[in-house]
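Subject: Structure handover

Hello,

Here is the structure I promised to pass on. Please open it first, then read the notes below.

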Amino acid sequence: MLLAAGNASAANPAVWTQDQAPFRIHGDTYYVGSRGLASILLVSGEGDVLIDGDLPESVPKIVEHIRALGFRAEDVKLILNTHVHFDHAGGIAELQRITGARVAASEASAPILRDGGVGRDDPQRGLIPGIAGVGTVESVRDGDTVRMGPIALTAHVTGGHTPGGTTWSWKSCEKDRCLDVVYADSLTPIAARGYQFSDSTHADVRAAFARSYRTLESLPCDILLTPHPEVSGFWGRVARRDQGDGGALEDKAACAQLATSARQQLDARIDAERAGRVR
Ligand SMILES: [Zn+2]
């Protein structure tokens with residue numbers, strides 16, 4: 001979840017369900033999500049990969065978008081996830097039933113995705129609704145590569161927002177030009193009432209965030225994607241490309257910049273907690 005304020009019953013932002021025509025991002029990488037929630041399709045010709053299933057109500061649109069691009073939902077053989085929150089994983093159980101795909105997630109995320117609900121150690125537990133459980137979920141370790149035909153995706157556990165949050169990277173090729181695509185998981189320090197990131201019992205969460213920033217800073221990064229597209233200025237880049245700037249989606253500094261802004265967000269949050277402004 002992106003928004004810091006509000007309570008569990010607050011309505012979801014309208015942009016989360018605002019329709020967005022699907023399109024090719026680069027090479028075999030396509031955008032099939034809504035305007036406010038990303039869902040990424042990788043087409044290999046030997047089975048396709050879908051990353052993130054968004055809200056439960058997003059599912060019909062994601063399927064429609066896959067078909068509108070000329071692909072078949074039944075060809076999705078693997079579903080992956082950034083983090084197990086209702087706005088990125090809420091539709092995965094239904095998408096799994098429709099496609100028959102395998103589902104895989106990080107070791108910390110897999111049991112939550114399998115059983116449903118909200119993770120016990122999730123900072124937003126109590127604030128957000130849970131997800132429907134998927135049933136069977138394979139786990140991948142930090143640094144593992146998952147293959148589908150010619151596609152190889154690498155899992156980078158970038159915890160903090162959730163314990164098992166995962167950034168996925170892969171090479172996307174157009175003819176002989178291959179770019180490093182990074183689908184970087186959310187790094188916002190958002191928590192339910194009463195949860196303090198500055199608390200001594202959450203040193204592991206602060207350490208996870210710190211590792212995540214370093215991971216993002218070290219990844220080769222030509223095209224940055226984020227589960228909430230506006231976090232990486234995605235729509236501005238897409239608009240510039242649509243206006244004729246062919247390289248507008250590419251920015252080698254984007255991953256490091258995302259890390260810098262995430263680090264500042266956590267620092268500001270901890271300052272606010274210590275000043276008694278967040279309880
Ligand atoms: Zn979230």
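D52 is buried, because its relative accessibility is 0% (buried means under 20% relative accessible area, exposed over 50%, partly exposed in between, with a 1.4 Å probe and protein chains only). This is a predicted model: local features need pLDDT of at least 70, side-chain atom pairs count only at pLDDT 80 or more, and totals for chains, interfaces and linings use all residues. Residues are numbered from 1 along each chain as its sequence is written, and side-chain values use heavy atoms, with hydrogens and water left out.

Back to D52. It sits in the loop between β4 (48–51) and α1. Helices (H or I, at least four residues) and strands (E, at least two) are DSSP runs, numbered from the N terminus. Phi of D52 is near 80 degrees, a positive value in a residue other than glycine. D54 lies in the loop between β4 and α1. Its phi is positive too, near 55 degrees, and D54 is not a glycine either. D54 counts as buried, at 1% relative accessibility.

Next, the helix pairs. Two packed helices are described by the angle between their axes and the distance between the axes. Axes are lines fitted to C-alpha atoms, for helices over the stretch in contact, and angles run from 0 to 180 degrees between N-to-C directions.

The axes of α1 and α3 (residues 92–99) come within 10 Å and cross at roughly 45 degrees. That makes α1 oblique to α3 (under 35 degrees counts as roughly parallel, over 145 as roughly antiparallel, 65 to 115 as roughly perpendicular, the rest as oblique). The crossing of α1 past α3 is right-handed (left-handed if the near helix is turned anticlockwise from the far one by less than a right angle, right-handed if clockwise). V59, I62 and V63 of α1 meet E94, L95 and I98 of α3; contact means heavy atoms within 4.5 Å.

α5 (residues 203–218) and α7 (residues 254–274) pack at about 160 degrees, with axes 7 Å apart. So α5 is roughly antiparallel to α7. α5 passes α7 in a left-handed crossing. Residues making the contact include F209, Y213 and L216 of α5 and L258, A262 and L266 of α7.

Now the aromatics. The structure holds 11 aromatic pairs (ring centres of Phe, Tyr and Trp, its six-membered ring, within 6.5 Å; planes under 30 degrees apart count as stacked, over 60 as edge-to-face, the rest as tilted). The Y30 and F71 rings have centres 5.1 Å apart and planes at 70 degrees, so this pair is edge-to-face. Y30 is in strand β2 (residues 29–31) and F71 in the loop between α1 (59–68) and β5 (76–80), so the pair ties together parts 41 residues apart in sequence. Y30 counts as buried, at 9% relative accessibility.

F23, Y31, F234 and W235 form one aromatic cluster. R35 lies over the face of W235, at 4.1 Å from the ring centre (the cut-offs: NZ of Lys or CZ of Arg within 6 Å of the ring centre and within 35 degrees of the ring normal).

H202 lies between β11 (177–183) and α5 and counts as buried, at 17% relative accessibility. R125 lies in the loop between α4 (110–115) and β7 (138–140). R125 is partly exposed, at 44% relative accessibility.

Best wishes
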